[in-house]
Amino acid sequence: MAGDRQQDTYLQAGAPRRRVLAAAALAPVLAGAPTPARALPADEPDPRNRGLLKPVNTALPDWTSVSDKLGGTGDMKRKVMFHTGLPRRDLRVRSRKVDVKPALALGSHVSFVRYADGSTLAMGDVVVTEDELQPFTDVLHEHRIQQTAIHKHLLSQAPDLWWIHVHAHGHDPGGIARGLRAAFDRTGTPRPRPAAPPRPVDLDTAGIDAALGTKGSVDDGIYKCIFVRRETITEGHLVLPPGLGSTSAFNFQPLGRGRAAISGDCAMIAGEVQDVLVALRRAGAELVELHNHGLTDEPRLFFVHFWAVGDGVRLARALRPAVAATNVVPAGG
């Protein structure tokens, strides 16, 4: 009995302290302030010490079974990502009175990454027409490939399009590729083919680079400026290589006389979202979509897609505050 009374006294004495701690924890939420995101420092020791797995370096020959089943070639990015692009060259898309080139906003792609335990992560973004959306989805489900986002990149486009983020993790990369190929076969997506040699574009690319503080590159007639998050991003227990599912991209399609159509995407943590939205509108950009790409990423990332048309350099200069509002650096290739 005495022990019970002592325990009751202890619990009663601790209750006010617990209420204070709980109130302190809830204060930022009640005030509407974002909770701080957790990110791994750049000098974090081996992530496996924290139950996380790092990607391992691979080379093109390591992905032969994947490329064979996808039905086309790919390339390596940062020595860890096998990447295959499948732009929708079969579609003739018009948005905001602009004929959209495939590399501007119609670039389906999937990437594969190997991990220290021998498993493989596949992530991608796939363009489908509205008529293709449900059959494509059903085949993904049959092959246990997840969908993590269904959203838009363009405003008032014709034909109606949707963008699907796909995700799969397991020890059978060939099986994942086979499932993706089966899903692609329910669409008009052309087979992958080698990238064409870059050609000069009718834009002041040096001026765009200076305005955005980066060095862009040409991809199938589109000038692209890419940024990656500074933090280490995790998806569940997997450390994502820089740029996988977490890039900010500014794509410029030449329209003549220095003008460009821009289809862009900014990667943000919660505390950056409002500043970026305000910066985009001040730059004259139209907002298209605010959403997530992943389900269990940490820190939690949000993405805003936007559209703008005007002088390329002036737009790049106006968009620089949106870049500055996020914790990103230019992609290193």
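In this predicted model, strand β14 is mostly covered, with seven of its ten residues buried. β14 spans residues 247-256.

Two strands pair with β14. With β11, the pairing is antiparallel and runs over six bridges. With β15, the pairing is antiparallel too, over seven bridges. As background, strands of a sheet pair through backbone hydrogen bonds, either parallel or antiparallel. The table sets out the antiparallel pairs, including one from another sheet.

| Strand pair | Sense | Bridges | A bridge between residues |
|---|---|---|---|
| β11 and β14 | antiparallel | six bridges | Ile226 and Ala249 |
| β14 and β15 | antiparallel | seven bridges | Phe250 and Gly264 |
| β12 and β17 | antiparallel | two bridges | Thr234 and Glu298 |

β14 and β15 form a hairpin with two residues between the strands, and in this hairpin Arg257 takes a positive phi near 55 degrees.

Which residues touch the most other members of the largest nonpolar core? They are Ile208, Leu212, Phe250 and Phe252, in a core of 31 residues. Strands β11, β14, β15 and β18 are among the elements that each supply at least two residues of this core, and so are helices α6, α7 and α8. Helix α8 gives the most, with six residues. In general, nonpolar side chains tend to be buried together in soluble globular proteins.

Phe250 shows how these parts meet. Leaving aside neighbours within four places in sequence, Phe250 is in contact with residues including Leu212, Phe227, Phe306, Leu319 and Val323. Cys225 and Cys266 are also among the contacts of Phe250. Cys225 is buried, because its relative accessible area of 0% is under 20%. Cys266 counts as buried at 1% relative accessibility.

A second, separate core has 23 residues, among them Trp63, Val128, Leu133 and Phe184.

Strand β12 covers residues 234-235.

The structure holds one cavity of 30 Å³ or more. About 50 Å³ of space lies in the largest cavity. Its lining includes Met123, Ile233, Glu235, Leu240, His293, Asp297 and Phe303.

Terms used. Residues are numbered from 1 along each chain as its sequence is written. This is a predicted model: local features need pLDDT of at least 70, side-chain atom pairs count only at pLDDT 80 or more; totals for chains, interfaces and linings use all residues. Side-chain values use heavy atoms; hydrogens and water are left out. Buried means under 20% relative accessible area, exposed over 50%, partly exposed in between (1.4 Å probe, protein chains only). Two strands pair if DSSP finds at least two bridges between them. Helices (H or I, at least four residues) and strands (E, at least two) are DSSP runs, numbered from the N terminus. A nonpolar core is a set of buried Ala, Val, Leu, Ile, Met, Phe, Trp, Tyr and Cys residues joined through side-chain atoms within 4.5 Å. Contact means heavy atoms within 4.5 Å. On a 1 Å grid over the protein atoms alone, a cavity is a set of points where a 1.4 Å probe fits but cannot get out, and a pocket is an open set with protein on both sides within 12 Å along at least five of seven lines; lining residues have an atom within 4 Å of a point. Grid points are joined across faces, edges and corners, and a volume is the space filled by probe spheres set on the points.
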